Amino acid sequence: MITLKGDNIYLRALEPNDLEFIYAMENDQSIWEVSNTHTPYSRFLVKQYLENAHQDIYEAKQLRLAICQDQDFPALGLIDLFDFDPMNHRAGIGIVIQGVENRNQNIGSEALELLIKYSFYNLNLHQLYANIGCENKASIALFTKFGFEKIGIKKDWTFVNGVYKDEAIYQLINN
């Protein structure tokens with residue numbers, strides 16, 4: 001089981017008792033735009049997902065970790081590696097913090113820093129990338145803080161509330 005500890009938060013593997021938290025996150029329409037979700041998830045589907053969450057990143061090609069602040073275990077958010085490509089030593093990375101009250105408190109920064117270090121030093125990845133909506137100033141600031149550079153714009157990439165929006169791709173190369 002993975003547990004990555006920082007100064008104020010830790011990242012842990014998903015547990016069966018995360019069912020309600022993940023169900024709430026996946027069905028929170030206010031974050032669908034950043035999570036690339038289009039339809040609600042049932043508790044049954046989330047339960048099935050959690051039953052397979054033990055799969056190794058090399059099997060599942062993804063890793064989702066809960067972001068926790070204290071030892072009583074509840075999650076504040078999720079951070080993911082996705083499209084894991086061990087042959088080319090790269091993966092996508094994404095993060096979402098639940099609740100506005102938990103944002104702008106350095107939780108996302110610390111979680112991102114922990115997962116970048118894990119990706120480069122434990123998984124030996126050469127690069128990470130993030131897809132970020134061009135209007136998402138908070139995510140752009142978070143990722144660029146850690147050296148991610150914008151390498152391109154995907155024009156009219158997402159269709160949200162009747163409007164096409166551009167999405168940028170940011171990349172961090174492990175030198």
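This note sets out, point by point, the sheet, the salt bridges, the cysteines and the helix packing of a predicted model.

1. The predicted model contains an open sheet of eight strands, with mixed pairing and the order 1-2-3-4-5-6-8-7. Strand 1 (3-5) and strand 7 (149-160) form the edges, each pairing on one side only. On average, and with direction ignored, neighbouring strands of this sheet are turned by 25 degrees against each other.

2. Strand 3 and its neighbours. Strand 2 (residues 10-13) pairs with strand 3 in the antiparallel sense, over four bridges. Within strand 3, A66 stands opposite R12. Strand 4 (residues 75-85) also pairs with strand 3 in the antiparallel sense, here over six bridges. G77 in strand 4 is the bridge partner of I67.

3. Burial of strand 3. Strand 3 spans residues 63-68 and is mostly covered, with six of its six residues buried. In a regular strand, side chains alternate between the two faces of the sheet. Here L63, L65 and I67 lie on one side and R64, A66 and C68 on the other, and both faces are covered.

4. The charged residue in strand 3. Which residues form salt bridges with R64? One is E26, with the closest N and O atoms 2.8 Å apart. Because E26 lies in helix 1 (residues 19-26) and R64 in strand 3, the pair ties together parts that are 38 residues apart in sequence. E26 and R64 are both buried. R64 also forms a salt bridge with D80, the closest N and O atoms being 2.9 Å apart. D80 belongs to strand 4 and R64 to strand 3, so this pair ties together parts that are 16 residues apart in sequence. D80 is buried, as is R64.

5. Salt bridges elsewhere. The salt bridge count for the model comes to ten. Among them is the contact between the side chains of R90 and D85, at 3.4 Å from N to O. R90 is partly exposed, with a relative accessible area of 32%. D85 has 19% relative accessibility and therefore counts as buried, since the term applies under 20%. Salt bridges that share partners join E26, R64 and D80 into one network.

6. Cysteines. How many disulfides are counted? The count comes to zero. A disulfide is a covalent bond between the sulfur atoms of two cysteines. As for individual cysteines, C68 is buried at 0% relative accessibility, whereas C134 is partly exposed at 24%.

7. Strand 5 (residues 90-97) and strand 6 (residues 127-133) run parallel and are joined by three bridges. In this pairing, L128 of strand 6 stands opposite A91. Helix 5 (residues 107-121) packs on the sheet and touches strand 1, strand 2, strand 3, strand 4, strand 5, strand 6 and strand 8 (163-173). The direction of helix 5 makes about 30 degrees with that of strand 4. Helix 6 (residues 137-145) packs on the sheet as well, touching strand 5, strand 6 and strand 8. The direction of helix 6 makes about 165 degrees with that of strand 6.

Definitions and conventions. Residues are numbered from 1 along each chain as its sequence is written. This is a predicted model: local features need pLDDT of at least 70, side-chain atom pairs count only at pLDDT 80 or more; totals for chains, interfaces and linings use all residues. Side-chain values use heavy atoms; hydrogens and water are left out. Buried means under 20% relative accessible area, exposed over 50%, partly exposed in between (1.4 Å probe, protein chains only). Helices (H or I, at least four residues) and strands (E, at least two) are DSSP runs, numbered from the N terminus. Two strands pair if DSSP finds at least two bridges between them. A salt bridge is a side-chain nitrogen of Lys or Arg within 4 Å of a carboxyl oxygen of Asp or Glu. A disulfide is a pair of cysteine sulfur atoms within 2.5 Å. Axes are lines fitted to C-alpha atoms, for helices over the stretch in contact, and angles run from 0 to 180 degrees between N-to-C directions. Contact means heavy atoms within 4.5 Å.
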